[in-house]
Amino acid sequence: MISVVIPTYKNKEELIKNLKHNFEFLKDCEVIVINDDPDASITNDLKIFPDLILAENNTNLGFAGAVHRGIKQAKGDFIMLLNSDVLLNDTSYLKAIDMLRKDENTFAISFAQKEKDGTPVGKNQIYWESGFFQHKKASNLKTGINGWAEGGACIVNKKLYEKVGGFDSLYSPFYWEDIDLSYRAWKSGYQILFNPDILVTHHHESTIGTYFTKDKIRIIAYRNQFIFIWKNIENNALLLSHIGRLICSLPVMMFKDFSFVTGFWNALLLLPKIISKRKKSKINDKEILDKFQRHPDESRDPV
């Protein structure tokens, strides 16, 4: 069985509209909606969807916490993660199930996603540059390895999800949690793949931008980038380059981009929790990053 987990926060109208569209493609799936807005129940609104399972959080858990709750109660062996603003075009997601069953070492399959301007995205690269772990869009959309399984449009092997520990709520309310989950999967010896034949419509950041200012989003993104590095990177050379870059960057960013400084400080306040989550991994950082260095791209944007 496929369990579909859909987190939602303060976007009832869009959720219902997209559910009406998507339900015809999900007839044989278990559909779980997690309402992460403790101030507004949507129980009555979703009664029109037969057999839909609704869980409503008493406190706001953020993306990672909400999705993790949905996955914990899911009965399926495979979990399809869909943002509430994602539209399915067909049942091509079933191709991901075939791929996951074919190779038990595959952690997740990411979908191609059509942006507002019609541009297809969804395949990403990860790399280390200028003392920071960074990411960017891949230059091609061919089937192959993917930096991470995008949390709004992918299918995950539930057994492997549980093995690597699931989403980390430390990244609440959003950003980097799916990169963190996937990187832990890579470090455990699993792989994440991209399938361009599975195409959905997803306008990135359309929901987040409604409820958070650009400055707040930027601060959270920086903070979570620091959390990711401090939590996951074990290679001493990479860590030393990160510390060196920080020493040089912080004074400059005081005047150039104070969001960077605020993000650093907010991450620093969480340092004891971050350190407690560090674990020795099966695969080293260099080996993982080298997988993506073999496919260089043109447009790198260092911090």
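Author: Helix H1 (residues 12-22) contributes four residues, the most of any element, to the lining of the largest cavity. This is a predicted model, in which local features need pLDDT of at least 70 and side-chain atom pairs pLDDT 80 or more, while totals for chains, interfaces and linings use all residues. Residues are numbered from 1 along each chain as its sequence is written, and side-chain values use heavy atoms, without hydrogens and water.

Reader: What makes a space a cavity, and what volume has the largest cavity?

Author: On a 1 Å grid over the protein atoms alone, a cavity is a set of points where a 1.4 Å probe fits but cannot get out; lining residues have an atom within 4 Å of a point. The largest cavity has a volume of about 50 Å³, and its lining includes Ile6, Leu15 and Asn83. By class, this lining has five nonpolar, four polar and no charged residues.

Reader: Why are H7 and H9 called oblique?

Author: The axes of H7 (residues 214-232) and H9 (residues 258-268) come within 8 Å and cross at roughly 50°. Angles under 35 degrees count as roughly parallel, over 145 as roughly antiparallel, 65 to 115 as roughly perpendicular and the rest as oblique. H7 and H9 are therefore oblique to each other.

Conventions: Axes fitted to C-alpha atoms, helices over the stretch in contact; angles between N-to-C directions. Helix = DSSP H or I, 4+ residues; strand = E, 2+ residues; numbered from the N terminus. 1 Å grid on protein atoms, 1.4 Å probe; cavity = no way out; pocket = protein on both sides within 12 Å on 5 of 7 lines; lining within 4 Å. Points joined across faces, edges and corners; volume = space filled by probe spheres on them. Nonpolar A, V, L, I, M, F, W, Y, C, P; charged D, E, K, R; others polar.
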